[in-house]
Amino acid sequence: MKLRNVLLAGLLVMVFAGMAMAADVIKIGVYEPMTGQMAFGGQLTVDGMKLAQEQAPEVLGKKIELIIVDNKSDKVEAANAVKRLIDKEKVVAIIGSYGSSLSMAGGEVAEKAGIPVITDSATNPLVTQGKKYYFRMCFIDPYQGAAAATYAYENLEARKAALLVDVAQDYSVGLSKFFKDSFIKKGGEVLPLYKYQSGDQDFTAQLTDMISKGADFLFIPSYFAEGAIVMKQARELGFEGDIMGGDAMDNPDLVKIAGDSAEGFSFTTFPYAPEMPDMNPVAKKFTELWNAKYPDQLPNANSALGYDCYMFVRDMIEKAGSTDPEKITEAFASAKDWLGATGSTTINESHDAEKPVGIKTIKDGKQVYAASIKPEL
Amino acid sequence: MTLTMFIQHFFNALTLGSLYALIAIGYTMVYGILRLINFAHGDVFMLGAYFIFYTGTIFHLPWIVGVILAIILTSFCGVIVERAAYRPLRDAPRISALISSIGVSFFIENLAIVVFTGIPKPVVRPDWLVKIIQIRGVRILPLAIAVPIMCFVLVAGLLFIVYKTKPGLAMRAISKDIETTRLMGVSVNKIISLTFGLGSALAAAGGIMWALRYPQIQPLMGLIPGLKAFIAAVLGGIGSIQGAVVGGLLLGFIEIMIVAFFPGLSGYKDAFAFILLIVILLIKPTGLMGEKIEEKV
């Protein structure tokens, strides 16, 4: 498998080497999972970025070139992608990646090279922890986990929760821990963790056990493709409690795969939804632009985050008045009340954006924005 | 553990095991006849799942027609793979064909990513297969029973072809000695194509049933089931059709029962499968039902 990745990477380098031109442009690198298990997230995010680029194609009087590299949902590829963006393409800043594990792999490389990176939706705290050059456009998992636990305990009245964790994903491991801690603090009971590995499709054994132990609530901090299958199998096995997930469930295709089993499913997500009541002007504009460009598809929070990341990097380059990575990093770190489609963004000391957590519920096969929560940690 | 729960686990395991068995048979058949481990088998399995998706969702064909069409198309792909990637290497050392099969596997996966895109797709399931039957607290999908039945029907059909028909005789002859078989007037190329066609048809059947059981398909879906089925084939004795069935079922039961009895170990499910492979290779390399290969002098 690794040999294959090396070969493919080599091939890609050859293809892109031909495209690299020394024109008078400012290059912003993007590394996202365009293929593989997390492709659904990466593709939506990149769609949002492209939309933003059409809106604001220039900065400091120069054209912005987006160099998009596929990290194939693979940690090794993610590190290689960042290396290539920096060494070969000489980008001044990088956006990416969907998936905390991928961002962590890429972060090490960017940190050494001193190039600023902003991730759209990697929520694991470790992504930016101790990093000088890594930032994020979203909240972090302790916050999201607390919001989910609050909603589960207070609104859904769950008391005995089961968690199904993907042990191969930092996102899943982290979020489940934070949910568990908060849920216990609220007074709920949590069954010993049920585990699986990315790529598994059969969860019947774990689910059967969970049902027999009397769980009244299931939390699945996984990506939506697996989440949809978990929901389906849980309902087929007769589970009647509420099911919740995290931001990685926010995908228009969730309902298509899970069908009726998704009914009533809630998840925490970033504070953007096309059906949200009081939208800020940027969110309104983003929604209009999206609907004009992709009329058959509703925008989701990931696309909004992609849009925001591009706009943020562009604005920060303008604010820095330079393409020097150090100066851009300073601008990133000092950003305050920058308004994006996902709300007002202030980068805090740990390089995270402080934003409320949105809760969405599936109702009659459609996503409904249920609530915005600012949990107490 | 209550009896109800055990029965529930039993049916879960039976379905998973039968799926492994179906895929494992394809591995074992090709190996038994050509001594080639066809690592592209898992990807042919994926193609089967995509064909059923397209016939159903895009062309809105009746479900059963879709199934037949998907199986035919997939066998056709299997035959093309053999022609393009294995036939030119038939007289080359065995390792070359093995490497070629890995190449084919990457090629199909990446082609699928380009053509089908990496976004997972939902599979439509006919209602009669997913209407839950409830017997004393045990909940069973009709599908969970249909899969093992289909598995045994297909295996019986395959055994009939291999042991009771002329082409089957030729297949068995080829497995012993290709040159002598050719001298006897058998069209070796045709028989080998047929082998691949049959193996791929089984992979397609496996892919379709897998897609019904886990109704979400994506281009890399064949990777893990392919590896697991390979373990199943080795476990049962690679080259033996009955062995593949036994190996597949055994693997399915081990995976489910480990989680059932030790829920704390659920994260190590795959580790157990691979440890099993290593242990079998160390202790009984020919597998549970494999023939001892005699060195030809």
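Let me begin with the contact between the two chains, which takes 32 residues from chain A and 30 residues from chain B. Please keep in mind throughout that this is a predicted model. On the side of chain A that touches chain B, at least two residues each come from α2 (39-55), β9 (194-196), α7 (204-212), α8 (224-236) and α9 (254-258) of chain A. The element that gives the most to this side of chain A is α7(A), with 6 residues.

I will now turn to chain B and its helices. Two packed helices are described by the angle between their axes and the distance between the axes. Helix α3 of chain B, residues 63-86, packs with helix α4 of chain B, residues 94-116, at an angle of about 125°, and their axes are 10 Å apart. Because angles from 65 to 115 degrees count as roughly perpendicular and those over 145 as roughly antiparallel, that angle makes α3(B) oblique to α4(B). The crossing of these two helices, α3(B) and α4(B), is right-handed. On the α3(B) side the contact is made by B:Val81, B:Ala85 and B:Tyr86, and on the α4(B) side by B:Ala97, B:Ser100 and B:Val104.

Let me take α3(B) by itself for a moment. The helix has 24 residues, which at 1.5 Å a residue should span 34 Å, and since its end C-alpha atoms are 33 Å apart, the two values agree. Which residues of α3(B) are buried? They are B:Gly66, B:Val67, B:Ala70, B:Ile71, B:Thr74, B:Ser75, B:Cys77, B:Gly78, B:Val81, B:Glu82 and B:Tyr86. What covers these buried residues of α3(B) includes α2 (41-58), α4 and α9 (188-213) of chain B. B:Ile72 also lies in helix α3 of chain B, but B:Ile72 counts as partly exposed, because it has 14 C-beta neighbours inside 10 Å. The C-alpha atoms of B:Ile72 and B:Ser200 are separated by 9.1 Å, although these residues are 128 residues apart along the chain.

For α4(B), the same kind of length check can be made: its 23 residues should span 33 Å at 1.5 Å a residue, and its end C-alpha atoms are 32 Å apart, which agrees. The buried residues in α4(B) are B:Ala97, B:Ser100, B:Ser101, B:Val104, B:Ser105, B:Ile108, B:Glu109 and B:Ala112, and they pack against α2 and α3 of chain B. After α4(B) comes B:Thr117, whose phi is positive, near 65°.

The other helix pair I want to show in chain B is α2(B) with α9(B), which pack at an angle of about 55° with their axes 7 Å apart. These two helices, α2(B) and α9(B), are therefore oblique to each other, and α2(B) passes α9(B) in a right-handed crossing. From α2(B) the contact is made by B:His41, B:Val44, B:Phe45, B:Met46, B:Gly48, B:Ala49 and B:Ile52, and from α9(B) by B:Ser200, B:Ala203, B:Ala204, B:Gly206, B:Gly207, B:Ile208, B:Trp210 and B:Ala211. The residues of the contact of α2(B) with α9(B) divide into 10 nonpolar, 5 polar and no charged.

Finally, I would like to go back to chain A for some details of its backbone. Most residues other than glycine have a negative phi, and most peptide bonds are trans. Where in chain A is there a cis peptide bond? A cis peptide bond joins A:Gly96 and A:Ser97, with omega about 5°, and A:Ser97 lies in the loop between β4 (93-95) and α4 (100-113) of chain A. A:Lys72, which is not a glycine, has a positive phi of about 55°. This lysine, A:Lys72, is found in the loop between β3 (62-70) and α3 (75-87) of chain A, and A:Lys72 is buried, because 28 other C-beta atoms lie within 10 Å. A:His351 also has a positive phi, near 70°, in a residue other than glycine. The place of A:His351 is in the loop between β14 (343-345) and β15 (357-363) of chain A, and with 22 C-beta neighbours inside 10 Å, A:His351 counts as buried.

Conventions:
Residues numbered from 1 in each chain as written. Chains lettered and ligands numbered in written order. Predicted model: local features only at pLDDT ≥ 70, side-chain atom pairs only at ≥ 80, totals over all residues. Axes fitted to C-alpha atoms, helices over the stretch in contact; angles between N-to-C directions. Helix = DSSP H or I, 4+ residues; strand = E, 2+ residues; numbered from the N terminus. Parallel < 35°, antiparallel > 145°, perpendicular 65-115°, else oblique. Left-handed = near helix turned anticlockwise from the far one by under 90°. Contact = placed C-beta atoms within 7 Å. Expected span 1.5 Å × (residues − 1). Buried ≥ 20, exposed ≤ 12 C-beta atoms within 10 Å, placed from the backbone. Nonpolar A, V, L, I, M, F, W, Y, C, P; charged D, E, K, R; others polar.
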